[in-house]
Amino acid sequence: KYASDLGAILRSCSNVSFFDACGVNAAADVEVIPLIQSATLTIFVSSTQGNGELPSLSHKFFSFLFEKNGSILTGKQSAVLGFGSSAYPIFCGAAAHLSKKLAENGAEEVVPRGECDSVEGESPTFYNGTTKLVTKMATMASASPLVLKLSDNMKENTASCLVRTR
């Protein structure tokens, strides 16, 4: 719920594109690349499956991105937000893998990787991670007045109930 609400807000006020890597098929792979190329910031959000792995349905897309099109990530500003459970031996392994692959392909993570823990509660960790990301976005030259306002509200914990922990 929180991710989709924040996504709707960010999509409406900045150059951020959203797509579901698990839902991308062969025909759509090529269509996603221009979205990544044109975005000011590319945000990768992933759950962790099994023993710290990316969701199986996303393997094809990330293979396509990192192995065949990794050069489009060179110099690209990015962020990674992972969801997982600290009850498992490899916590947020998928997000750690994405961070590693982004670095290998020359992308710059603009904030430390966010890791949302289902044991600790995803809402507080999501809110803290997105507050850091939105705060960073507010410092970018392309920041819109709405991003600036959202950043201030999130830092003051007065953001809309759509994105604030309840």
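This text goes through the salt bridges and then the nonpolar cores of a predicted model.

Begin with the charged side chains. How many salt bridges does the structure hold? There are 3 salt bridges in the structure. Two of them involve Glu104, and they can be taken in turn.

In one, Glu104 pairs with Lys100, and the closest N and O atoms lie 3.8 Å apart. A salt bridge is counted when a side-chain nitrogen of Lys or Arg is within 4 Å of a carboxyl oxygen of Asp or Glu.

In another, Glu104 pairs with Lys101, with 3.4 Å between the closest N and O atoms. Lys101 and Glu104 are 3 residues apart in helix H4, so they too are separated by about one helical turn. Taken together, Lys100, Lys101 and Glu104 are linked in a network of salt bridges.

Is Glu104 buried, partly exposed or exposed? Its relative accessibility is 49%, so Glu104 counts as partly exposed. The limit that matters here is 50%, since a residue is called exposed when its relative accessible area is over that value. Lys100 has a relative accessible area of 51% and is therefore exposed.

Another salt bridge joins Arg113 to Glu115. Here the closest N and O atoms are 2.9 Å apart. Arg113 has a relative accessibility of 32%, which means that it counts as partly exposed. Glu115 is also partly exposed, with a relative accessible area of 29%.

Now turn to the nonpolar residues. The largest nonpolar core has 19 residues. Which of these residues touch the most other members? They are Phe62, Leu65 and Leu73. The elements that give two or more residues to this core are helix H2 (26-38), helix H3 (59-68) and H4. Of the elements, H3 gives the most, with 5 residues.

How values were computed
Residues are numbered from 1 along each chain as its sequence is written. This is a predicted model: local features need pLDDT of at least 70, side-chain atom pairs count only at pLDDT 80 or more; totals for chains, interfaces and linings use all residues. Side-chain values use heavy atoms; hydrogens and water are left out. Buried means under 20% relative accessible area, exposed over 50%, partly exposed in between (1.4 Å probe, protein chains only). Helices (H or I, at least four residues) and strands (E, at least two) are DSSP runs, numbered from the N terminus. A nonpolar core is a set of buried Ala, Val, Leu, Ile, Met, Phe, Trp, Tyr and Cys residues joined through side-chain atoms within 4.5 Å.
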